[in-house]
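My comments are set out as numbered points, to be read with the structure open beside them.

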Amino acid sequence: MDKSMESFIGKQLIANLFNDKGVFVLPALTLLTADNIRLIRQHNIILVERDVLHLDNAAFYQLAIDDCTAAMENIFDQIRYSKHKRVPMFELRSDVLPFIQQISEKNDFYGMLSALQSKDDYTYRHNVAVGIISTLLGKWLKLKPEELSMLTTAATLHDIGKLMIPAEILTKPGPLTDEEFQLMKKHTTFGYEIVRDTVGTNHNQALVALQHHERMDGSGYPFGVLGNRITDFSKIVAVADIFHAMTSDRFYRSASPLYEVLLQMEENVYGKLDPYICRVFINKLMQSMIGNDVELTDGQVGTIIMILSHDPLRPLVNIGEEFIDLSRHRSLGIVKVLPK
């Protein structure tokens, strides 16, 4: 695919698209995927800028993530009902990965996070979310392009083993019994086998499905291995997985506030999650909050104006004519970050 056509991925058709013989090709308002672009080229159609809508970030996020989520549900179903449990990589590469890469290039974390909030499709939307957040984190960790591409695929497939878990367990509104939790934990080994046996994936990607619930202190599952035996990709995906799970509404609990989640992640940083990866993630997310208002523990509302590298969760806050360094005023803290 030439670059001029590839640039239309993620944009939306204004009108119904027909070829020069009047054959209907795609409906109006189609969000263009790599697969759509291939179809358009097969019909010898050349798109120009006036054929597409340029969406603002919020609209793009919502359409793209909804589209990716539907595509992930289709991928799960294809594997679930097939004799040989293999990932349909063509569909993944056409309908999911291009959008994850595009979304990760935009600089609007709050808009992205809002679109990632689960509706009634958490199982599928969570895979897309972890793919996006892991890709962002991989960029912040300065992975090489080929490593980043492998990470995106691995992260998007990290929970593919859940298709082998009964729906009544995945959607149970209360805590799992010990027996149900033992079955739930098997999604890691099921996922490893599915990714391992799929042509077009590699062992490191399969290990992400296996290890994303392992923890640095050996407290994770399925094998309770220590940090030196957990791959870097798995450590990155663990951070993304925990963050999205904790900030999402689930069948059995409501989402936790963003700032509270970051505090909890920092408290665990030297035990359960990789400390360096977690610190980079917290730093970058706090940097994205510069300019946001925050409510403090004494009820005052101020604006974050600087993130301090030595203590990112206690930034410099402006209240009226006063500047408060929360790293020095330990009696004060942030209750919550207020969206812009």
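This is a predicted model: local features need pLDDT of at least 70, side-chain atom pairs count only at pLDDT 80 or more; totals for chains, interfaces and linings use all residues.

1. The chain is divided into domain 1, covering 6–54, domain 2, covering 57–285, and domain 3, covering 290–338. The C-alpha centres of domain 2 and domain 3 lie 31 Å apart, and the contact between these two takes eight residues from domain 2 and ten residues from domain 3.

2. On the area of that interface, domain 2 and domain 3 bury about 800 Å² between them, and 63% of this area is on carbon and sulfur atoms. On the side of domain 2, the residues that lose the most area to domain 3 are Tyr110, Tyr259 and Asn283, which together account for 63% of what that side buries.

3. On the polar side of the same interface, the count of salt bridges between domain 2 and domain 3 is zero, and one residue pair in polar contact is found across it, with both residues at pLDDT 80 or more. Helix H14 (258–267) and helix H15 (275–287) each supply at least two residues of the side of domain 2 that touches domain 3, and the largest share of that side, four residues, comes from H14. By residue class, this side of domain 2 divides into five nonpolar, one polar and two charged residues.

4. Which residues does asparagine 283 touch, not counting residues up to four places away in sequence? They are Ile307, Ser309 and Pro312. Asparagine 283 has its place in helix H15, and because its relative accessible area is 18%, under the 20% limit, it counts as buried.

5. Side chains of opposite charge can pair when their charged atoms come close. Arginine 80 forms a salt bridge with aspartate 77, the closest N and O atoms being 2.5 Å apart. Both residues lie in helix H3 (residues 57–80), three residues apart, about one turn of the helix. Arginine 80, at 24% relative accessibility, counts as partly exposed, and aspartate 77, at 26%, also counts as partly exposed.

6. Another salt bridge joins the side chains of arginine 279 and glutamate 266, at 3.4 Å from N to O. This pair links distant parts of the chain, with arginine 279 in helix H15 and glutamate 266 in helix H14, 13 residues apart. Arginine 279 is partly exposed, with a relative accessible area of 24%, and glutamate 266 is partly exposed as well, with a value of 22%.

7. The side chains of arginine 328 and aspartate 325 also meet in a salt bridge, with an N to O distance of 3.4 Å. Are the two partners of this pair buried or exposed? Arginine 328 counts as exposed at 70% relative accessibility, whereas aspartate 325 is buried, with a relative accessible area of 15%.

8. On the interior, leucine 151 lies in helix H8 (residues 145–156) and is buried, with a relative accessible area of 0%. Leaving aside neighbours within four places in sequence, leucine 151 is in contact with Ser134, Gly138, Leu143, Phe233, Ile236 and Val237.

9. On backbone geometry, a cis peptide bond joins tyrosine 221 and proline 222, with omega about 15 degrees. Proline 222 has its place in the loop between helix H12 (203–211) and helix H13 (232–246).

10. Leucine 29 has a phi near 70 degrees, a positive value in a residue other than glycine; leucine 29 lies in the loop between strand S3 (24–26) and helix H2 (34–42) and is exposed, with a relative accessible area of 52%. Lysine 142, although not a glycine, has a positive phi of about 65 degrees; lysine 142 is found in the loop between helix H7 (122–140) and H8, and counts as exposed at 72% relative accessibility.

Note on methods: Residues are numbered from 1 along each chain as its sequence is written. Side-chain values use heavy atoms; hydrogens and water are left out. Domain bounds come from an automatic or database domain assignment. Contact means heavy atoms within 4.5 Å. Buried area is the accessible area (1.4 Å probe) that two parts lose on being put together, summed over both. A salt bridge is a side-chain nitrogen of Lys or Arg within 4 Å of a carboxyl oxygen of Asp or Glu. A polar contact is a pair of N or O atoms within 3.5 Å; within protein, one must be able to donate a hydrogen and the other to accept it, and residues adjacent in sequence count only if both atoms are side-chain atoms. Ala, Val, Leu, Ile, Met, Phe, Trp, Tyr, Cys and Pro count as nonpolar, Asp, Glu, Lys and Arg as charged, and the others, Gly among them, as polar. Buried means under 20% relative accessible area, exposed over 50%, partly exposed in between (1.4 Å probe, protein chains only).
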